[in-house]
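Below is a brief report on one protein chain and its ligand.

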Amino acid sequence: MINFIRRKVLGGRKPQEKLYDDDEEKKAYEGSDVLDPIRCGTSFNTAKETIFFWRDFLKVLVHPDFHFPDKPKGFRYSVHHLALFLAWELLRGISVSLGLEASYIHDVLNLESSLQVFVANLYPPCPQPELALGMPPHSDHGLLNILIENGVGGLQLLHNGKWVNVRAPPNSFLVNTCDHLEILSNGRYKSVVHRAVVNNATTRLSLAIANGPSLDTIVRPAPGLTDGANNPPAYTPMKYKEYLQLQQGNKLDQKSVLDRIRLQKE
Ligand SMILES: O=C(O)CCC(=O)C(=O)O
Ligand SMILES: [Fe+2]
């Protein structure tokens with residue numbers, strides 16, 4: 001798979017080392033539907049992207065129904081349980097910070113059946129990192145994304161128009177705010193635009209555990225946070241599942257999906 005990206009990005013440069021032994025095993029999970037329970041691939045959406053990205057991923061839907069691949073053994077006991085409760089607890093605090101009942105987000109977005117996706121990202125060393133990106137600038141679709149990485153920097157956040165390197169302390173969880181928190185809070189919380197850069201020395205691994213509403217929930221700005229003329233709803237209500245499909249049907253590009261349902265330009 002990485003050889004495929006290498007052809008597109010670096011014009012066929014040969015790898016010095018063998019990167020994978022297991023491409024055959026991965027074939028069983030190569031799919032294109034965002035709701036496939038287990039899916040691996042390269043880039044983000046090779047049907048839509050014109051430039052491919054220096055990344056292999058495995059995505060597994062782990063809540064409300066738990067799925068797991070045959071390998072690696074022990075996947076069942078991954079950190080996603082902890083991340084789910086961490087996200088739910090943070091969302092209680094966020095509800096209160098918005099002047100809402102602590103259980104507001106949990107109840108209105110039906111978090112007992114919330115979608116949780118476990119994403120493992122692999123970014124091997126890239127011979128010409130200045131020509132490639134691991135992931136392009138984007139925001140995540142859900143509510144809160146919990147990120148863990150292997151100590152090799154590469155994640156950058158867009159802050160005041162500049163890319164800022166994230167230096168996460170060892171053994172920490174980094175929490176990104178995502179599009180549906182922006183929608184629900186009518187823009188008081190902004191989803192963060194981020195990207196992953198690559199390097200020519202060390203393989204980077206990250207786990208991104210995406211916590212969203214339940215798939216069938218129609219998400220809209222909380223009525224308590226809008227008021228008629230002064231602060232009208234700024235986003236069109238949309239079912240979370242349809243938003244996911246919209247993102248998957250397009251190339252990953254900053255906040256372009258959120259911009260499509262924005263009612264007022266900032
Ligand atoms: O690898 C990273 O640090 C970021 C990954 C990411 O943005 C994602 O999986 O959505
Ligand atoms: Fe992301």
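## Overall make-up

The protein chain holds seven helices and 12 strands. The model is predicted. Of the chain's 266 residues, 34% count as buried.

## Around ligand 1

Which residues surround ligand 1? The shell consists of Val119, Asn121, Met135, Asp140, Leu147, Glu149, Leu155, His194, Ala196, Ser206 and Ala208.

By class, the shell residues divide into six nonpolar, three polar and two charged. Met135 also belongs to a core of 12 residues, described below.

## The nonpolar cores

In soluble globular proteins, nonpolar side chains tend to be buried together. Here the largest nonpolar core has 31 residues. The members that touch the most others are Ala87, Leu91, Leu143, Leu144, Ile146, Leu184 and Ile209. Two or more residues each come from β2, α3, β3, β5, α5 (179–184), β10, α6 and α7. Helix α3 gives the largest share, four residues. A second core is separate and has 12 residues, including Trp54, Tyr123, Leu133 and Met135.

Leaving out residues up to four places away in sequence, Leu144 touches Ala87, Leu90, Leu91, Val175, Asn176, Thr177, Cys178, Leu181 and Asn211. Two of these partners, Ala87 and Leu91, are also listed with Leu144 among the core members that touch the most others.

## Strand β2 and its partners

Strand β2 (56–63) has eight residues, and seven of them are buried, so β2 is largely enclosed by the rest of the structure. Strand β1 runs antiparallel to β2, and five bridges join the two. Gly41 has Phe57 in β2 as its bridge partner. Strands β2 and β3 also run antiparallel, joined by seven bridges. In that pairing, Asp56 stands opposite Leu122 in β3.

Arg55 sits in the loop between β1 (38–42) and β2. Is Arg55 buried or exposed? Arg55 has 25 other C-beta atoms within 10 Å, so it counts as buried. Asp216 is 161 residues from Arg55 in sequence, and their C-alpha atoms are 30 Å apart in space. Pro64 lies in the loop between β2 and α3 (80–97).

## The β6–β7 hairpin

Strands β6 (residues 155–159) and β7 (residues 162–165) pair in the antiparallel sense, over four bridges. Leu158 stands opposite Trp163 in β7. The two strands form a hairpin with two residues between them.

Asn160 lies in the loop between β6 and β7. It has a positive phi of about 50°, although it is not a glycine. Why does Asn160 count as exposed? Because Asn160 has 5 C-beta neighbours inside 10 Å, and a residue with 12 or fewer is classed as exposed.

An α-helix has 3.6 residues a turn, so residues three or four places apart point the same way. In α6, the buried residues include Tyr240, Tyr243 and Gln247. Down the axis of α6, the buried residues fall within an arc of 60°, so they line one face of the helix. These buried residues pack against α5, β11 (218–219), β12 (238–239) and α7.

Gln254 lies in the loop between α6 (240–248) and α7 (256–261). Gln254 has a positive phi of about 50° and is not a glycine. With 14 other C-beta atoms within 10 Å, Gln254 is partly exposed.

Conventions:
Residues are numbered from 1 along each chain as its sequence is written. Chains are lettered from A and ligands numbered from 1 in the order in which they are written. This is a predicted model: local features need pLDDT of at least 70, side-chain atom pairs count only at pLDDT 80 or more; totals for chains, interfaces and linings use all residues. A residue is near a molecule or strand if its C-beta atom, placed from the backbone, lies within 6 Å of it. Ala, Val, Leu, Ile, Met, Phe, Trp, Tyr, Cys and Pro count as nonpolar, Asp, Glu, Lys and Arg as charged, and the others, Gly among them, as polar. Two strands pair if DSSP finds at least two bridges between them. A residue is buried if 20 or more other C-beta atoms lie within 10 Å of its own, exposed if 12 or fewer, and partly exposed in between; C-beta atoms are placed from the backbone. A nonpolar core is a set of buried Ala, Val, Leu, Ile, Met, Phe, Trp, Tyr and Cys residues joined through C-beta atoms within 7 Å. Two residues are in contact if their C-beta atoms, placed from the backbone, lie within 7 Å. The arc is that of the directions from the helix axis to the C-beta atoms.
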